[in-house]
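Look at the open space in this model first.

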Amino acid sequence: MKRILALVLTLLMSLSLVACGNAKDDTSDGAETDNYPEKPITVIVPFSAGGEHDLTARTIATRLHDMFGWTVVIQNTSGDSAATIEYMKDSGNADGYTLFMHSPEVMASGLVSGQLNEDYYKQFTYLGCFVYDPLCISVAADSPFNTIEELFAYAKEHPGELNWAAVGAGGFNQMNSENLWSVAGCEFNYVPYDDASKSRAAVLGGHADVFCSFASGAKNSVSSGELKALAVGSSERLDFWPEVPTLKEVGCDLQVGLTRCWDIHPDTPQEIVDILTEKLHECLNDADTQAKLLELGQNPNWMTNEEMHDYGEYYYGVYQEIYARLHAND
């Protein structure tokens, strides 16, 4: 009996030591999470410096520093599709210190158009959406067109004569543009540029007739009198442009815009994802953050990871329909 009791006591002591060892490990992991971030966080923005994505990212980075003391470094690169693939293929990006800025609807359109070969819009973990930036159709201040109706009427009578400047060939912007022309019953000559500053410069310099961008990309030029905003793709008129009609008001039953969010590698520890999501949500809810985004012409709009996945799936279906209709005769 004594021998059996001794064996039981030995076993219980061993289990206690294992439990203590596990408790120590859990405490250590928690301590590491509690101290996050322990070094600067890098956000890869696959668009040029000074553009709408870049300005949004830098605004959020500055506010995170002001509110929580975090250091967030914005790293600009080019070629959003190639950058997406490179980021997702590198498992080292799951360390919680390398984030990515992209939108599910853009990745969904890239899959439809063949620019992406995987459904990355499904694979990313979204830390939250910051803004919704509606489409904006604008022209130079000295353009003969003062309304979107006048612009579309001329394009109907002179198909392909007017140059339509936008960012990127074959993907998100071109599909949205051609879909709008189809709904409006007119045709333009699509001229792609590699960033919005160049397409805007083309219109201001007289090399293109229409600047197809998002509201934030045209706001300063409209405010300065260089551009005239003819229509926006939002569901309602924008507070800072109450005189500019929506596409729906002028007979084009469309709502077109772009979300801007920070994403992270799907293999990132959930504890880090939770911290980032909580702080980003708190940051966006801050009145000063919202005021700074509105100054850029960006409408604060929070969406969760689940909502962003649903959003991407919805737009994947939308762009499949658009692509099939636009290429039915190919």
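About 910 Å³ of space lies in the largest pocket of this predicted model. A pocket here is an open set of points on a 1 Å grid over the protein atoms alone, where a 1.4 Å probe fits, with protein on both sides within 12 Å along at least five of seven lines. Its volume is the space filled by probe spheres set on the points, which are joined across faces, edges and corners.

The lining comprises 49 residues (an atom within 4 Å of a point). Phe 47, Val 167, Asp 194, Asp 195 and Ala 196 lie nearest the centre. By type, the lining holds 17 nonpolar, 24 polar and 8 charged residues; Gly counts as polar, Tyr and Cys as nonpolar. Helix H9 gives the most, with 5 residues.

Now turn to H4 and H12. Their axes, lines fitted to C-alpha atoms over the stretch in contact, are 8 Å apart, at an angle of about 35 degrees (on a scale from 0 to 180 degrees between N-to-C directions). Residues in contact (heavy atoms within 4.5 Å) include Leu 111 in H4 and Tyr 315 in H12. This contact has 10 nonpolar, 4 polar and 1 charged residues.

How far can the model be trusted? Mean pLDDT (the predictor's confidence in each residue, from 0 to 100) is 88. Over residues 1–31 pLDDT stays under 50. Where pLDDT is low, the predicted coordinates should not be read in detail.

Residues are numbered from 1 along each chain as its sequence is written. Local features need pLDDT of at least 70, side-chain atom pairs count only at pLDDT 80 or more, totals for chains, interfaces and linings use all residues, and side-chain values use heavy atoms, leaving out hydrogens and water.

Technical notes: Helix = DSSP H or I, 4+ residues; strand = E, 2+ residues; numbered from the N terminus.
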